[in-house]
Amino acid sequence: MDSLFKKSILIACIVSALALPAFASTPEPPAMPRDYVVDLAGVIGPDVQGRLNGYLQELEQKTTSQVLVLTVKSLDGENIEDFSLRTAEMWKLGQKGKDNGVLIVVAVQDRKYRFEVGYGLESVLPDSFVGSIGRKYLVSYFRQGDYSTGIYKATLAVIRTIAQSQGVEITGLPAMRTNREVEVPGVAVQLAGALIFLLVLILFISSPHRCLTVFLAGYMLGGGGRGGWSGGGYSGGGFG
């Protein structure tokens, strides 16, 4: 009986081991991508892929900066920071000595995204800036299930910013108020924030209960209680 039980356990382990690959959500990224957009998750429309590949190719030709987009269904338990950096290094993004590569990674089932930015573009694409791009375009469109448009607009924002920093134009690039919409807050915005804080402080001192009610109402209306995509702007090491 004991022998039969051990054999049953062994058979179950073998079957489980053989079945594991079938549950893997995403294959490993190719050793070297053929296009600038690698859509392993199958969420980007073919027309969007075509336009992005054209823009990104022209961007590299005119600025030498390499920007690639990678979507996966799942990271299969791997940390997205490790995954994106490992992929960027494997693909050797950016020019040697310039480290001017960017990898935009979206993990659909894990609800995560990441911008991996080479040292050479950190001043052009600081963490706060790409974080704003992610929140404005990726998060907002992903919550609607529109991955293709979110990725498209976020990538366009990156393309336009790099092109403007080099003083070049990308043929046919749609007009977008990218810098105004997602720029790092300036003095005027900071003053407005300080004024709002002062008003909230006065309201709290005069009526703490009313202040708490207003805060909770704003939190719920603003979607603060919902789960969302995690991610943002991150600067990686050299890819060259």
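Q: Two strands pair if DSSP finds at least two bridges between them, so what makes β3 and β4 a pair?
A: Strands here are DSSP runs of E with at least two residues, and helices are runs of H or I with at least four, all numbered from the N terminus. β3 and β4 (residues 112–117) share six bridges, in the antiparallel sense, so they pass the cut-off of at least two. In β4, Val117 is the bridge partner of Val102.

A quick note on the numbers: this is a predicted model, where local features need pLDDT of at least 70 and side-chain atom pairs pLDDT 80 or more, while totals for chains, interfaces and linings use all residues. Residues are numbered from 1 along each chain, and side-chain values use heavy atoms, leaving out hydrogens and water.

Q: Why is Arg114 called buried rather than exposed?
A: Buried means under 20% relative accessible area, exposed over 50%, and partly exposed in between (1.4 Å probe, protein chains only). Arg114 comes in at 7%, so it counts as buried.

Q: What makes Arg114 and Glu81 a salt bridge?
A: The rule asks for a side-chain nitrogen of Lys or Arg within 4 Å of a carboxyl oxygen of Asp or Glu. For Arg114 and Glu81 the closest N and O atoms are 3.8 Å apart, so the pair qualifies. Arg114 lies in β4 and Glu81 in helix α3, so this link ties together parts 33 residues apart in sequence.
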